[in-house]
Amino acid sequence: MISYDVVIIGGGPAGLAAAVSARKAGVEKILILERDHELGGILNQCIHNGFGLHTFKEELTGPEYANRFIEQVLAEKIEYRLNTMVMDISAERVVTAMSREDGMYQIQAGAVILAMGCRERPRGALNIPGYRPAGIFSAGTAQRLVNIEGYMPGREVVILGSGDIGLIMARRMTLEGAKVKVVAELMPYSGGLKRNIVQCLDDFGIPLKLSHTVVDIEGKEHVTAVTIAQVNSSGKPIPGTEERYTCDTLLLSCGLIPENELSVKAGVSMNRITNGPLVNESLETSIPGIFACGNVLHVHDLVDYVSEEATKAGANAAKYVLEGERRSDPEDVIQISAVEGARYTVPSTIDPSRMDDLLTVRFRVANVFKNSFVSVYLNDERIMHMRKRIMSPGEMEQVILQKKKLLEKEDLKTITIRIEAE
């Protein structure tokens, strides 16, 4: 069995940044396993700009952003294998992989970094009535067809869901000459970034209908029309609100799911809200030596934050390999609770003695909040009270915890993040 110090599952933005970080932290034997035929992951089909403002202080397209990290991987001579599927990861960090050239083989890893990204929520989970004709695509599939394959899925388009990929594809299809008739969103708020609503819908006069969903799809061989309707607070269509749109294409942008089959199979403890692993301050999962970062951990808005998180995971995986296992005393582990408007936090537990001087805790809210406060409590003492003009589930929030303050707090048992009106 071959062995590596750090094995990274996934060669997208998270995997690339983690690999470079682990190398800079002093680890020599690093291997990236990527199932596609090239590095870069989903960024290769994201040809729009808006990437890199935080990381590189300039605006890049997706392929340009990915190439910055690919160049670093090549410069560091980090080994990678393409067209390789990882089939299994054991609790002992034995990675089983296979490829056409090498068949099936096993790798003993000193540490494993999960960086598999996420996938789109399938239509089958959306329960749309009607036939299953041609012309229905996930927004990401349509993006690949247009941007990489050079194929236009259709000319008259309806989009269900207002996730960022759907919003971006509304603009992309319009620029390619298609007519995007409407974007329907089941929730009373958009699932995407505000800037994408403005730049991709408002600037092109494309209507966004909140609290609406598709209730019928017409066509047996190919989509000919869809009907949308307004929904009530329970998500049920309201009779009499139906609107019919003739179209040849229906794009689905109904959320993203972290790719965690391997994580679950390995026995990693999962967060039922994010569908990603539960991690500590080091981004280490419940299995020693297995770390997680990027969209496999929780779905991000900005790739810059993915790279930042992956850099931390790479450095901590390197520390694990070089210094050996460092498990916290259970009495020193503090639970971070997300309550009253906050849905979850990453990380979910911390050991203040092991964290960096500053720790970024990211979370999402459960609803739209205007002129509210993000508050942080140590036990019952409020130490942070930040006013936010608007917060929505489509945009990630964060707070920064100071190691010094946590260590100064005597008998610290819980850290709580909540949304407050005043």
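The model is a predicted one, in which local features need pLDDT of at least 70, side-chain atom pairs count only at pLDDT 80 or more, and totals for chains, interfaces and linings use all residues. Residues are numbered from 1 along each chain as its sequence is written, and side-chain values use heavy atoms, with hydrogens and water left out.

Five strands make up an open sheet with parallel pairing, in the order β8-β15-β9-β10-β11. Helices (H or I, at least four residues) and strands (E, at least two) are DSSP runs, numbered from the N terminus, and two strands pair if DSSP finds at least two bridges between them. At the edges sit β8 (136-138) and β11 (208-210), each of which pairs on one side only. Neighbouring strands in this sheet are turned against each other by 20° on average, direction ignored. Axes here are lines fitted to C-alpha atoms, for helices over the stretch in contact, and angles run from 0 to 180 degrees between N-to-C directions. Within the sheet, β9 (residues 156-160) and β15 (residues 249-252) are joined in the parallel sense by four bridges, and V158 stands opposite L250 in β15.

Two helices accompany these strands. Helix α4 (residues 164-175) packs on the sheet and touches β9, β10 (179-185) and β15, its direction making about 170° with that of β10; contact means heavy atoms within 4.5 Å. Helix α3 (residues 139-149) lies across β8 and β15 and runs at about 90° to β8.

Strand β22 (residues 369-378) and strand β23 (residues 381-391) pair in the antiparallel sense over nine bridges, with S375 opposite H385 in β23. The two strands, β22 and β23, form a hairpin with two residues between them, and N379 in the turn has a positive phi of about 55°.

On the surface, M85, M87, M98 and M104 form a nonpolar patch with about 360 Å² of accessible area together. Patches are made of residues with over 30% relative accessible area and no salt bridge, like charges being joined within 9 Å and nonpolar side chains (Val, Leu, Ile, Met, Phe, Trp, Tyr) within 5 Å; areas come from the Shrake-Rupley method with a 1.4 Å probe, and for residues only the protein chains shown count as cover. Of these residues, M98 is found in strand β5 (residues 94-99) and is partly exposed, at 33% relative accessible area. Buried means under 20% relative accessible area, exposed over 50%, and partly exposed in between (1.4 Å probe, protein chains only).

Turning to charged side chains, a salt bridge is a side-chain nitrogen of Lys or Arg within 4 Å of a carboxyl oxygen of Asp or Glu, and the count by this rule comes to 19. In one of them, E58 meets R68, with the closest N and O atoms 3.0 Å apart. E58 lies in the loop between β2 (30-33) and α2 (62-75) and R68 in helix α2, so the pair ties together parts 10 residues apart in sequence. Both partners are partly exposed, E58 at 34% and R68 at 28%. K388 and E397 also form a salt bridge (3.0 Å, N to O); K388 is partly exposed at 26%, whereas E397 is buried at 8%. Salt bridges that share partners also join R35, R119, E259 and E261 into one network.
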